[in-house]
Amino acid sequence: MNELYQLLTGPMLWLTFFVFTFGTLYKLLSILVLTIQKEPFIMSVFSFKYGMRSILSWMTPFKPVSMKKHPVLSSVIYVFHICLFIAPLFLMAHITLLDESWGLVWPSLSDSLIDYLTLIVLACCLFYFIRRLTQKEVNYLTSQSDYILLAIVALPFFTGLMAYHQWFAYGFFLNLHILSGEIMLMAIPFTRLSHMIISPLTRAYMGSEFGEIRHAKDW
Amino acid sequence: MSAFADWDWDIGSKRIADIEALKKDYQWIEEIHVSPNGESSAVIVNIDEGEFNVCVNGTPWREEPFDKMWNLHYSPDGRLTAIVSEMGEWTMAVDGESWSNTFGYLWKPLFSNDGKTIAAAFQQEMKYGMVVNDVPWENTFGNMTCPTLSKDGTNCSATVQTVETSQAEIFEFQKGSYSVAQNGVVWDRNFVNVWNMSISNDGKAVAAEVRLNLYDYTIAVNGKPWDTIFSCVWEPIFHPDNQSVIAPVRINGKWTLAQDGKIAWGGRFVQLWSPKVLPDGKHMAAIVAPSFGKWTVAVDSVPWKTCFNEMVTDLVFNETGSRIAALGKNNGRWTVIVNGTSWNNSFNRAWTPVFSANGQYVAAKVETNGKYSIAVNDQVWSQSYDAIWGPVFSPDSTKILCCSSSNGKIDRQVIPVKTILK
Amino acid sequence: MSEQVNKIVDKGLDQGVINLTQERIEKAINQVLNKEAGARLKSYVETCVHCGMCSEACHVYLSKDKDPIYSPAGKVKRTLSEMIQKKGKVSPEFIREASIIASTECNLCKRCAMYCPFGIDVAYLLLLVRRICHLCGVTPLYIQDTAHSHSVTMNQMWVKDDEWIDTLQWQEEEAQAEIPNLRIPLEKEGADIMYSVIGPEPKFQAHLIYYMSVIMKAAGIDWTMPATPGWDNSDMAMYTGDNEIMGRVKRMHFDTAARLKVNRIIMGECGHAFRSVHDMGNRWLGYKLPPIPVIHAIEFYHELLSSGKIKIKDQYDKKVTLHDPCNVIRGRGLGELSRKVVNTLCSNFVEMTPNREHNYCCNAGGGVINTGPPFKNKRVLSNRIKAEQMAATGADVVISPCHNCHSGLEDIVHHYKLNMEVKFIGEIIYNHMEKPTA
């Protein structure tokens with residue numbers, strides 16, 4: 001188990017950072033190249049002002065009509081994404097690891113709070129899962145890969161929870177936690193999780209089209 | 001054009017008409033036209049319901065009014081033409097004399113360079129053809145578009161429908177039911193579409209844009225398509241020396257210039273049209289968009305560095321081809337660009353630039369806030385008018401002829417170029 | 001549902017499929033997906049998380065009892081996603097179905113782009129499907145015929161060169177009976193404005209040109225209309241995916257205005273034509289915006305009314321509501337101006353809800369009404385939500401400053417027995433303005 005732990009926190013971690021970083025860069029670059037090559041008009045339409053107007057409007061809770069139409073889902077999306085980032089980034093154990101490796105330190109949140117945030121993330125994942133099964137307009141769009149992606153996101157939080165509380169096999173869950181976290185990071189640039197990278201661009205583009213060219217709102 | 005040197009080139013101004021004075025005699029008067037030499041002006045006037053005439057320098061064209069008239073034009077040789085209607089039939093009136101043939105409808109007057117040949121499109125009992133100097137085509141067609149007359153007036157061509165298809169017969173249409181009629185004689189091959197034809201200087205050959213099916217475009221010369229297919233093409237032109245045909249073509253989403261089906265330019269452009277062969281026969285120019293939303297002129301595939309963000313039009317050159325000019329529009333303002341250098345002055349509107357015979361000057365009619373003037377080599381004439389016709393340079397390139405209108409009074413003026421060039 | 005669709009007989013689709021080979025399908029799909037489309041396709045396809053939030057945006061989905069196959073993403077799933085997954089190896093029958101979905105179940109109104117958190121433009125994706133179907137030669141008959149008309153005559157309605165001029169002269173004479181010295185100036189080089197219309201106006205609704213000539217006369221506008229092809233601002237080739245013809249028609253329109261040296265093009269009350277000059281056709285040609293400014297009738301009317309060039313003698317007093325056409329409201333932000341115009345003209349205006357950018361589509365636009373009689377019943381049935389929205393206003397008149405919306409709403413009014421009149425702004429202005437006597 002220890003060897004596996006060394007592998008996961010050593011070479012595998014480097015690989016993860018490499019794949020995530022360069023995958024993200026590749027993704028952005030390929031979009032940029034495609035734009036210049038095939039749709040150069042996009043560059044002339046792009047407007048910082050209207051791009052930001054759109055992004056900020058869509059970040060403001062319940063400003064877009066679409067969010068008002070889906071109050072529960074929108075609330076879940078907000079809470080989920082906030083917890084998704086805060087829980088791993090402000091966990092004492094994670095910060096300690098980074099401190100030991102690279103001397104990077106920032107304030108942490110209490111473990112019990114992170115515990116709650118993790119539970120919230122998992123609850124949100126459960127909500128998504130049930131929604132995919134029961135809401136017919138979502139179910140119709142859902143394919144196997146949507147469930148796999150949901151699992152990829154949920155697994156690091158679930159295993160983290162198990163490992164933290166040392167329920168059942170601690171070593172197994174710890175390693176699985178690290179591995180699943182690494183899988184999630186590596187999956188981001190190459191799956192629909194890439195909306196993390198691309199959605200600000202698509203939002204800003206649509207915001208620019210609506211603001212600069214169409215003189216209309218897009219929310 | 002021999003008469004051109006014989007025009008009155010004496011410096012000075014003379015009144016040719018007082019249009020304002022006409023207004024009290026007629027219900028309304030229409031747009032003013034001025035003859036090429038500036039010696040006469042003409043305007044369609046309405047006398048009463050269904051009674052029209054033309055006043056030339058204030059005098060009625062003929063005693064008997066027409067029922068209806070429109071499309072007043074001076075032929076390049078100075079003859080005045082209008083499309084006129086009498087007793088429900090349409091014909092062409094030239095200097096007040098109606099053609100002997102009459103038609104169900106007549107439109108699109110065309111003139112040869114010397115003005116001796118006058119042609120127009122006609123419709124007679126829902127059949128279409130061209131009439132040239134009062135001689136109508138013997139063959140007529142179910143539909144006709146793109147009427148074209150050669151510079152020498154010997155070849156009058158148009159796109160014609162050769163196969164009657166009923167409405168919404170889309171698959172029949174896609175087999176091809178359009179062709180070109182040259183002086184009424186149809187090419188022996190049909191196409192899905194035929195557009196924008198060009199006729200060689202000797203009047204013998206016709207080149208046109210054709211669509212072979214819904215997707216394949218090429219150029220056809222005298223009915224024979226190029227071997228190469230493109231995803232789109234624009235208007236072809238004939239090389240003045242060797243009868244080869246040059247046209248903009250689209251490959252993989254970008255435009256370039258092709259000659260006889262082979263790619264002639266190395267450059268690839270977002271857009272390319274209005275190709276020209278310069279008088280030496282060696283160089284070619286065209287209006288291009290080197291990148292999206294940027295417009296300029298390219299000479300031999302190399303775009304000028306100065307670009308305009310809205311539009312470039314009216315590509316012209318001097319007699320030797322050493323100087324090339326065009327109109328460019330930036331942020332709603334028009335200006336003139338000459339050999340890659342844009343004028344500093346810009347205008348609400350500008351008209352086609354004209355070169356002096358020696359190539360030293362380029363002039364254009366320009367408009368600022370509803371007043372018209374003339375600019376030469378980026379200097380604007382201090383005078384401005386309600387309207388201007390011209391400018392035309394004198395054969396020795398020292399004077400400019402124009403007609404101007406102020407308060408309805410039309411004046412013919414010859415001024416030294418130096419007047420504008422301060 | 002799809003069984004019903006299959007029953008629809010459309011020669012363009014049925015004959016098109018017979019001519020179709022597997023090889024041609026793959027070639028068409030690869031051409032569009034790999035050679036023509038770029039960053040937008042890649043981003044949208046790889047970003048959509050299948051959340052379903054776009055569903056609520058679609059009038060077809062809402063009208064079809066929220067059947068998920070009609071949600072915006074659902075329509076992409078049934079067409080483009082399948083083509084991508086199978087790398088173009090789909091059957092001719094699939095292409096037929098895809099053509100029906102893209103051409104008759106989506107109006108490209110872009111409302112869903114406002115409901116997707118990522119701003120994914122489903123209209124663009126379904127236009128790609130139409131482009132693929134065009135390359136496969138499987139496009140509904142009537143709209144394909146319209147595209148053919150554009151290619152030959154440069155107008156939508158097979159109006160021949162002489163018929164156009166003759167119609168203008170006829171309308172000029174008609175209007176002269178009311179205002180003796182009124183003119184429709186043809187080919188007036190250097191006029192301030194070129195007025196352009198869509199093909200159906202000279203063909204079926206010539207009185208609209210008459211109305212505009214009276215408005216121009218009353219306002220003292222220096223205007224002209226071309227006596228050559230290039231007068232039609234409409235562009236159904238844009239909606240069949242025949243981008244080359246779309247560009248050709250737009251070039252002719254802009255070149256005609258440039259030839260006449262006008263300052264501006266004013267266009268009649270049409271929505272898709274505005275999209276074709278302001279968004280799609282211009283871009284295909286390489287123009288960021290129309291090279292000669294194109295002003296939609298709403299904006300022009302507002303200019304005339306607010307400057308006092310047109311004076312209203314008595315307000316229209318019937319209870320009116322206003323339909324917001326996608327291409328000029330969501331496409332140009334003219335929602336406030338159209339309300340100012342309507343409030344100036346009418347004394348009893350009520351909003352329909354939702355409105356402005358969020359208005360429901362007429363279900364006729366995007367070329368859907370141009371697919372003609374085979375799809376008319378389907379079109380009307382799949383916009384029940386619009387009928388409900390209009391009925392809720394209790395208005396006697398619905399004002400629609402767009403031709404396609406106008407016709408679509410008339411069909412809806414008729415089918416759902418709404419007892420409403422559909423009107424253009426121009427006809428209300430004509431009937432309630434102070435007219436010149438000479």
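Modeller: Let us begin with burial, where a residue is called buried if 20 or more other C-beta atoms lie within 10 Å of its own. In this predicted model, buried residues make up 30% of the 219 residues in chain A.

Colleague: What makes Leu168(C) a buried residue?

Modeller: Leu168(C) has 24 other C-beta atoms within 10 Å, and the term asks for 20 or more, so Leu168(C) is buried. The residue lies in helix 10 of chain C, which covers residues 161–176. Leaving aside residues up to four places away in sequence, Leu168(C) touches Ile184(C), Leu186(C), Ile209(C) and Met225(C). His323(C), in turn, is 155 residues from Leu168(C) in sequence and 29 Å from it in space, C-alpha to C-alpha.

Colleague: Returning to chain A, how many helices and how many strands does it have?

Modeller: Chain A has 12 helices and zero strands, and its pattern along the sequence reads α-α-α-α-α-α-α-α-α-α-α-α. Taken along the principal axes, the C-alpha atoms of chain A fill a box of roughly 60 × 40 × 35 Å. Of the contacts in chain A between residues at least 6 apart in sequence, 67% join residues at least 24 apart.

Colleague: Why are helix 8 and helix 10 of chain A called roughly antiparallel to each other?

Modeller: The axes of helix 8 (residues 111–134) and helix 10 (residues 144–165) of chain A come within 10 Å and cross at roughly 155°. Angles over 145 degrees count as roughly antiparallel, and therefore helix 8 and helix 10 of chain A are described in that way. The crossing of helix 8 and helix 10 of chain A is left-handed.

Colleague: Which residues of helix 8 and helix 10 of chain A meet?

Modeller: From helix 8 of chain A they include Val121(A), Leu122(A), Cys125(A) and Phe129(A), and from helix 10 of chain A they include Leu150(A), Val153(A), Phe157(A) and Leu161(A). By class, the contact of helix 8 with helix 10 of chain A has 12 nonpolar, two polar and three charged residues.

Colleague: What does chain C bring to its contact with chain A?

Modeller: The contact takes 41 residues from chain C and 41 residues from chain A. On the side of chain C, helix 4 (39–47), helix 6 (72–85) and helix 15 (272–285) each supply at least two residues, and the largest share, seven residues, comes from helix 4 of chain C. The residues of this side of chain C divide into 16 nonpolar, 12 polar and 13 charged.

Colleague: And what makes up the side of chain B that touches chain C?

Modeller: That contact takes 33 residues from chain B and 36 residues from chain C. Helix 3 of chain B gives the most to the side of chain B, with three residues. By class, the side of chain B that touches chain C has 18 nonpolar, 11 polar and four charged residues.

Colleague: How do you know what confidence the predictor places in chain A?

Modeller: On a scale from 0 to 100, the mean pLDDT of chain A is 95, and 100% of its residues reach 70 or more. Within chain A, confidence is lowest in helix 1 (residues 2–9), at a mean of 88, and highest in helix 9 (residues 136–141), at 98.

Definitions and conventions: Residues are numbered from 1 along each chain as its sequence is written. Chains are lettered from A and ligands numbered from 1 in the order in which they are written. This is a predicted model: local features need pLDDT of at least 70, side-chain atom pairs count only at pLDDT 80 or more; totals for chains, interfaces and linings use all residues. Helices (H or I, at least four residues) and strands (E, at least two) are DSSP runs, numbered from the N terminus. A residue is buried if 20 or more other C-beta atoms lie within 10 Å of its own, exposed if 12 or fewer, and partly exposed in between; C-beta atoms are placed from the backbone. Two residues are in contact if their C-beta atoms, placed from the backbone, lie within 7 Å. Ala, Val, Leu, Ile, Met, Phe, Trp, Tyr, Cys and Pro count as nonpolar, Asp, Glu, Lys and Arg as charged, and the others, Gly among them, as polar. Axes are lines fitted to C-alpha atoms, for helices over the stretch in contact, and angles run from 0 to 180 degrees between N-to-C directions. Angles under 35 degrees count as roughly parallel, over 145 as roughly antiparallel, 65 to 115 as roughly perpendicular and the rest as oblique. A crossing is left-handed if the near helix is turned anticlockwise from the far one by less than a right angle, and right-handed if clockwise.
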